[in-house]
Amino acid sequence: MPEAQSPAVLEAGEADRLRRHYRRRHVLARIGVYTAAVVAALLSAGPFLWSAITASKLNADLYDPENNPFIYNSPPTLDHIAYLFTSTNFPTFAWNSLWVGALVVAITLVLGLPAAYSIARIDRPWSGPMGIAIFFVYLIPPSLLFLSLSRLVVQLGLQDSTWSLVLIYPTITLPVSTWLLIGFLKALPKDIEEQAMVDGYSRIGAFVRTVVPLLLPGIVAVVVFAFTLTASEFIYALAFISPTAEKVVSTGVPTELIRGDVFFWQSLQAANIAVAVPIALVFNLFLARLIAGFTMGAVKG
Amino acid sequence: MAEHTAATTQAEIAAARRSLADRDGFLAWLFLAPAVVYVVALVAVPFFVAIAFAFSDVTSGDASYDWAGLSNFRQIFGDPVFWRSLGNTFVFTLVSMLLIVVLGKVLANILVADFRGKWIVRFLVLLPWTTPVALSSVAWLWLLDSIYSPIDWVLRAVGLLEGNTYWLGKPGLAMLSVIAVHVWRLVPLAAVIMMVGLLSIPKDVEEAAKVDGAGFWRRMFEVTIPLTLPLVAVAALFGAIFTFTDMAVVYILTRGGPTNSTQVLASWSYIRGIGGGDIGQGAAIALFLFPLLLAAAILILRAVRRTETL
């Protein structure tokens, strides 16, 4: 009997050892994941964290190469942030970016929603090629078009006016938004509007009353994405507009807060944070939805 | 009689169906037309006008169109800055694409892992991509400052450096800096695209491999990477296109300097076309972006097609 028992005892010991081994491995893996996450977050956001510190430093603290740049060597000050909002044109730039973005997003949806619906839902032989054509348009970059578009803007008399951006920015947002909306539409079951049409709605009626409400979360994601694109755009804004009062954030901050060799460093950093954080927060809220839109557009388109 | 009625109703139904289909066809165009008109007017036409500009003597002072043949091309080919920009564009694009893919893959793996505080990590990791590039470049301009650079301060503090590095003042270091900022900015985008791939792998495939005793690295190289390859390709090509056509980073960090060592096609085209007012030359320079973009677009499309078999 003892002979028979000993393997079982050994097995119990073995199991215990293995359990400990795996627990240790699990703990190590957890530590690894957390370390990697913290390192990734620091590498990505480091420049921003450090912008935030710099924005509230005194000149005497900032402009001393001996001072530790990561801590406050003198007490922090809000003067430079206040300066940004009261004595520079930053509020004007921010306001311009906001209303341009809002109008561009509206134009994008008015043009893009019906187009996406037409491609995704009304089966035509050209639906597939049209989807691909839209994708190609997205890949034509501003750096190829800015010269001819700047001539066009001059001819339309929109030069040096923020309105030129309202006209031109949908060229960037429309293709990618339509692509995303096609993805979201393909995820909705087709019988939704067929049911509504059986119930006596026209196709347009069915589209407005049943499809649009169901598509709303996707539309919101597209709004966020399109707005981010307009806020980041640089070449058109730089090429079309030179008066200070007409500039947007992405060109106004680097051109107006840097005068020749004079950099308003703390205010520049404050502007960076003031723009970066809200956009990233909103974007983060809709990240999962955007990912879904891209996969559906890619996999089923 | 009964047969006759059945036939007519059937014909009527067919006719009604046809008219509905016709209406659908009309509607499809009606819905599509505004977007198509807009894109043709403001993307397609300007694109061909840009090509036409490349063969003209249009300047910002004299906008009248005169055919100039190949003289713009002769001029840009005779200018060593153009060749420098072309070479730099390739170097920037290839090096950053490689780094973006490798780091993006690592970051994607981190972002799909389960841990507490995931939301804040995602927020911080996305910052470089969602922030307008002009503003984050300004933050980098300070990080790479010739006197107050904190990177230099750290290097001095650990005794690796005497004085200053002048990150943006020396050709090699300036290129390194520009590439670093591009990579930093685009890795989050690549990671998000690759996350899509990771999340689309069926759970049972991963679990089957686990049960069969495949470790983390083995699963990564023999299951995950082959299955997500198309999306890795998409991420790589998007990274390439955004680096290839971007001029904001170069324009803000170095203006192409020192001595044009970081000049790229996009920034050189801007400097000649808008800064110098020679629209014909600017357009001719920008034209060199096109063949590569087309190649990248076709490759992306093929990669996307392959995701259908996922």
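These are my notebook entries on a predicted model.

**Ground rules.** I number residues from 1 along each chain as its sequence is written, letter chains from A and number ligands from 1 in the order in which they are written. Since this is a predicted model, local features need pLDDT of at least 70 and side-chain atom pairs count only at pLDDT 80 or more, while totals for chains, interfaces and linings use all residues; side-chain values use heavy atoms, with hydrogens and water left out.

**Confidence.** I began with pLDDT, the predictor's confidence in each residue, from 0 to 100. Chain A has a mean of 83, and 93% of its residues reach 70 or more. Within chain A, helix H14 (residues 287-300) has the lowest confidence, at a mean of 63, and helix H7 (residues 163-168) the highest, at 93. Helices here are DSSP runs of H or I, at least four residues, numbered from the N terminus.

**Aromatic pairs.** Next I looked up ring pairs: rings of Phe, Tyr and Trp (its six-membered ring) whose centres lie within 6.5 Å, called stacked with planes under 30 degrees apart, edge-to-face over 60 and tilted for the rest. The whole structure holds 29 of them over all chains. B:Phe47 and B:Phe290 have ring centres 4.9 Å apart and planes at 45 degrees, so I noted them as tilted. B:Phe47 is buried at 9% relative accessibility, whereas B:Phe290 is partly exposed at 27%. For these words, buried is under 20% relative accessible area, exposed over 50% and partly exposed in between (1.4 Å probe, protein chains only).

I then turned to B:Phe55 and B:Phe73, whose centres are 5.2 Å apart with planes at 45 degrees, so this pair is tilted. B:Phe55 sits in the loop between H1 and helix H2 (71-77) of chain B and B:Phe73 in helix H2, so parts 18 residues apart in sequence are tied together. B:Phe55 is partly exposed at 21%, and B:Phe73 is buried at 11%. I also found B:Phe55 and B:Phe73 in one aromatic cluster, along with B:Trp67, B:Phe77, B:Phe82, B:Trp83 and B:Phe288.

**A buried arginine.** Last, I visited B:Arg185 in helix H7 (residues 171-200) of chain B. B:Arg185 is buried, with a relative accessible area of 10%. Beyond its neighbours within four places in sequence, B:Arg185 has contacts (heavy atoms within 4.5 Å) with B:Pro128, B:Trp129, B:Val133, B:Phe242, B:Asp246 and B:Val249.

Note on methods:
Helices (H or I, at least four residues) and strands (E, at least two) are DSSP runs, numbered from the N terminus.
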